[in-house]
Amino acid sequence: MEGRGGGSGADPGPATATASASGGEGEGCEGLWELPVERCERRPVCGRCSRPQKVCLCPFLPVHPLKVSTCLYIIQHPAEESRVLRTVPLLAACLPPDKCKILVGRRFNEDRYPELATVCRNPNTLILYPGAEATNLEEVAVMSSSPSVMIIIDGTWSQAKDIFYKNSLFRLPKQVQLKPSISSQYVIRTQPTNTCLSTLECAAVALSIMEKNKSIQEIILHPLQALCSFQLQHGAQIHHSKEHLLKNGLYDKPMPKNKRKLRRMELLVNNVKI
Ligand SMILES: [Zn+2]
């Protein structure tokens, strides 16, 4: 979207902003007062966990950042950054800053991200991506003893797929996946399948495997469990995965007319990995 420049003022957003910036407090600003107030209102946010202060999750975070030798690179789709319930800030708050680097964007090339390019070329770097060539992480972790880097893409499945295929850098590291037996605890967001994990859950499981320390997983998942139980106490409903809803006849949305989408849902019901 952002590359589509040079329009003749079809987009009212930037045009209004320019007028008010250059025209000062002139008559051009009148319309701005009519904008809904709550859009500008920001609740005070906790500096550590990035949650609104009233629902700060810091008591559920480790007192000191976890000591790990693996470095995580979280490649975050821009849409994920603006979500209300984000799990990546909680992950970052559990780890030392130099072990959890977050890069936001869709396109990552060597010129703009030379450090990332070096990381991708390092033979000790792994990318968590369940593609056809992926090996189970356990098998890789058993063999390696040196500290390594793990790249995780944060976004919906289709956003992650887009980022993976449109950036050749991400096809350089060895592809790994987590065993599909781990079920998601992140019940607030509807996941496409029960085993679709949030970025925080993926990172927790992956780190505990890489560091050969099961307690890492529990420590990182602790704030997520607190977040989910808080949300549920305050009226959020448990979102079962689409797979669960379909299999139990609880799916209450109209079935898609599009044949491809229907086929995808059939595959979900029949437990076929899509
Ligand atoms: Zn906090």
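How many bridges pair strand S3 (residues 125-128) with S6, and in which sense, parallel or antiparallel? The two pair in the parallel sense, over three bridges. Strands here are DSSP runs of E with at least two residues, helices are runs of H or I with at least four, and both are numbered from the N terminus. Two strands pair if DSSP finds at least two bridges between them. This is a predicted model, where local features need pLDDT of at least 70 and side-chain atom pairs count only at pLDDT 80 or more, while totals for chains, interfaces and linings use all residues. Residues are numbered from 1 along each chain as its sequence is written.

Now for the whole sheet. Strands of a sheet pair through backbone hydrogen bonds, either parallel or antiparallel. In this model, six strands make an open sheet in the order S2-S1-S5-S3-S6-S4, with parallel pairing. Its edge strands, S2 (100-104) and S4 (135-136), each pair on one side only.

Next comes the loop between strand S6 (174-177) and H7, which is where Ser198 sits. Ser198 counts as buried because 23 other C-beta atoms lie within 10 Å (20 or more make a residue buried, 12 or fewer exposed, and anything in between partly exposed, with C-beta atoms placed from the backbone). Asp154 is 44 residues away from Ser198 along the chain, yet their C-alpha atoms are separated by 8.2 Å.

Helix H7 (residues 199-210) packs with helix H8 (residues 214-233) at an angle of about 165 degrees, and their axes are 7 Å apart. That makes H7 roughly antiparallel to H8, a label for angles over 145 degrees. Axes are lines fitted to C-alpha atoms over the stretch in contact, and angles run from 0 to 180 degrees between N-to-C directions. Among the residues that meet are Leu200, Ala204 and Leu207 in H7 and Ile216, Ile220 and Leu224 in H8, contact being C-beta atoms, placed from the backbone, within 7 Å.

How values were computed
Parallel < 35°, antiparallel > 145°, perpendicular 65-115°, else oblique. Contact = placed C-beta atoms within 7 Å.
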